[in-house]
Amino acid sequence: MTGNCMGDQKSQVHSLEGSLSLIPRSWQNVRENANKDLQLVLQRACSLKEPLTDLAHSFDEEWEKAWFQRWQDITKSSISSPFKVKPLKEDKSGLLKKWESNLMELHHSYSKPEFPSYEDKVSLRGLKPLNGRLCILAAKDQDTLRKNESLIPIEWSKIWQTQEEGKIAIEDSEPLTHLNASLNDIESSAASSNSPAEFFEKLKKTKLYRNSKRPLERSSYMQTLDAIELLENAIKESTQIMDKIGIKKGFSDRICSIFQRYRHQDKQLSESNTDSLNVASIAEATVHELDLRISSVLQSTGYQREGNFWEEKSMTEEAADKKRHIAIFTTASLPWMTGTAVNPLFRAAYLAKDGKRKVTLVVPWLCKADQELVYPNHITFESPEEQEYYVHQWLESRVGFKLDFKISFYPGKYAKDKRSILAAGDISEFIPDNEADIAVLEEPEHLTWFHHGKRWTKKFENVIGIVHTNYLEYVKREKNGQLKAFLLKHVNNWVTRIYCNKVIRLSGATQELPNSIVCNVHGVNPKFLEIGQRKAIEKQHGIKVFPKGAYYIGKMVWSKGYRELLDLLAIHKKKLEGLQVDVFGNGEDSKEVQEEAHKLGLAINFNPGIDHADESLHGYKVFINPSTTDVVCTTTAEALAMGKIVVCADHPSNEFFKSFPNCLTYKDSQEFVEKVKQALSSEPLPLTSDQQHVLSWEAATDRFISCSKLDVSQDRNGESLPLVSSRRKRTMPLSMSMAKVKRCVDDGFAFTHYIVSGIEPARIASGAIPGTIHPDEEQCKDLVQAAPHTKYEHL
């Protein structure tokens, strides 16, 4: 019974190996190509025979006389004198000039008192180069030394002079003689061979071949990989490509487990049919894992390789691939001076600054009509390259170091009702699959509301969202705002859950989102810190650095704090008599805001929007920011960096700034008056070096890396992977953990969102711009010219 089972198992194994015989059909082609290569090698070897023979015959008697005369001139010269000998007139072929450098080195290296002198003629056939030095042998001694089999480096201490003959010999050391003998053997074998096979059979019998083969021999017994082990390893190494074609890793694991059972059974059969000498070695191989077996075989053969089964990589390519690829997607771009355009730009620059990461910033590209609506001062661009150049110039003038990141563009459209840019098409396709490592979604809810394409967490290994905007607060100010805010809250939870592994909220002013933490990962432009440092130095010299009063800067829309500012100044007009506030900004509501301020009789001077770092704003002492819709106000951080006093609301969006002594917060309108008077009557304190560092982008980048765990490998669920893989624990086949349940629910949500986002009426009803499932033809042409690798190339 046992014999039948063993026979069946053997037949199963042999049938499996037989099925693999269909795979290496190309070995015949490999053998044919190898024979052709060997023939070329033989032809090359034979081609060396004739020039070497001609070179040997060129040393005739006339040249021997010339060499001997040259050698006498050298040996008779002073030991300390420089080596200066004029070239002989007889040197017509240039051979003496060719050997002159070697003779110079010989003279300088071995000019010692014990160096022998020569009176008799020395055969020039004994003058041989070896490791950049020359050896001189007497003609009759060469045959004697040819019999010496030692391969010892030449030492001048072993050179002796025979007084009777005046000749030179070398005692027990002449490797060049053995090399010449070996080459002569190979030459004679090549001349007498009629085929490559015959030549290599004769080559195996030479001493040179045996000496070269000896260091490669390891032991008398070395195991090799059988067909089942090779097939098991091929399946293990093919998990990536199998995953791309829809075969999950669990299926390949089950196939490998079947092969492991076959290997174990085969080893048991082998143990019962082998002698005691081989049993130990086979049992030892059985204990090892397949990976260790493969490593042992590769090490014994001396073979080394980089990469996996499907791709060969050099060491430099492997080192380059160790860098994390970070793609930062955002919803705005310069010259639109908004937070989602400026902050991601600085983040990309500082993440790529140390050279440890490859960073790509992906920004929207607008058509000419939308550019005229969005960009200030009538700035427009004819091509993405032109806008990219503008962005790089703007940033380089502020950071002070060379930029090392790429800028890519995706098609976008400006939504007038939302006053923001929405993506058109699947923008994740603008990052190649081989660079899809980490995605940073600046405003993740905004980028995924109407996303219809590949799931972000499937495309990228890790997806991190950074919440910039408190959309719920904006929506509440619209008609039917409470209902819209309720629906939007659940939609935001929905899309961030299925498309992000982790969400970073800049402050507690935003809504609670799945897998979210609160951390301010924004910094300020280094120019603002320089302004603050310069103001502190001027103040130490007694210069009045803040001669002006209060101001406010921001996009002129009601939701950016203008409603709160007008209300506070109107209520306490008498208490704040004499206060004049200068406002800088442009926006869709600028006309209404100015009319409202004029109607209330407020002392407000309206000015066009300018850069916050403009020199005209350096003299203001107090920055008033009553906005409660911001998540973290960039202008507040910039004002603090310039050394100004900030008066802002006691709100979660300003929690990060409360630790700064120049930040004065108020809880109600009455306290607002007190804080404004306190700010106008006091002088700001200079920032310490620690406070300046907290505001810098270096510190903000460190906080971002710490929160997002960029230096820790993670799986596609955002969970950290162990440094050393452990064995998988056995579980009940029908058991399902809570993590699997959550994953199944998320997959269901993602599928539902994909279906709904692909229905045009549903998209329009939810607020999408019509026709944005795919970008229009004009934008595709511009983007293909800028990035021809994109999927829109066919358009």
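**Close-up views of a predicted model**

View 1. Glycine 643 counts as buried, because its relative accessibility of 14% falls under the 20% limit. In this predicted model, glycine 643 sits in the loop that connects helix H26 (634–641) with strand S19 (645–649). If neighbours within four places in sequence are left aside, the residues in contact with glycine 643 are Gly532, Phe546, Asn662 and Pro684. Leucine 685 is 42 residues away from glycine 643 along the chain, yet the C-alpha atoms of the two are separated by 7.3 Å.

**View 2. The largest cavity and its lining.** Sorted by class, the lining of the largest cavity comprises 9 nonpolar, 3 polar and 3 charged residues.

**View 3. Strand S13 and the strands paired with it.** In a regular strand, side chains alternate between the two faces of the sheet. Along strand S13 (residues 502–505), Lys502 and Ile504 point one way while Val503 and Arg505 point the other way, and all are buried. Strand S12 (residues 462–467) pairs with S13 in the parallel sense over 4 bridges, and here valine 503 of S13 is the bridge partner of glycine 465. S13 is also joined, again in parallel, to strand S14 (residues 516–518) by 3 bridges, with valine 518 of S14 as the bridge partner of arginine 505.

View 4. A disulfide is a covalent bond between the sulfur atoms of two cysteines, and a search of the whole structure finds 0 of them. Cysteine 633 is in no disulfide, since the nearest cysteine sulfur, that of cysteine 648, lies 8.7 Å away and the cut-off for a pair is within 2.5 Å. Cysteine 633 counts as buried because its relative accessibility is 9%, and cysteine 367, with a relative accessible area of 17%, is likewise buried.

View 5. Most residues other than glycine have a negative phi, and most peptide bonds are trans. The peptide bond from leucine 334 to proline 335 is cis, with omega near 10°, and proline 335 belongs to the loop between strand S7 (324–329) and helix H16 (339–351). Asparagine 377, which is not a glycine, has a positive phi near 55° and is placed in the loop between helix H17 (368–374) and helix H18 (384–399). Glutamate 443, also not a glycine, has a positive phi of about 70° and is found in the loop between strand S11 (438–442) and helix H19 (444–448). Asparagine 377 counts as exposed because its relative accessibility of 65% is over 50%, whereas glutamate 443 counts as buried at 3%.

**View 6. The chain as the setting for the close-ups.** The chain contains 32 helices and 20 strands, and 43% of its 795 residues count as buried. Among contacts in the chain with a separation of 6 or more, 68% are made by residues 24 or more positions apart.

Methods
Residues are numbered from 1 along each chain as its sequence is written. This is a predicted model: local features need pLDDT of at least 70, side-chain atom pairs count only at pLDDT 80 or more; totals for chains, interfaces and linings use all residues. Side-chain values use heavy atoms; hydrogens and water are left out. Helices (H or I, at least four residues) and strands (E, at least two) are DSSP runs, numbered from the N terminus. Buried means under 20% relative accessible area, exposed over 50%, partly exposed in between (1.4 Å probe, protein chains only). Contact means heavy atoms within 4.5 Å. Two strands pair if DSSP finds at least two bridges between them. Ala, Val, Leu, Ile, Met, Phe, Trp, Tyr, Cys and Pro count as nonpolar, Asp, Glu, Lys and Arg as charged, and the others, Gly among them, as polar.
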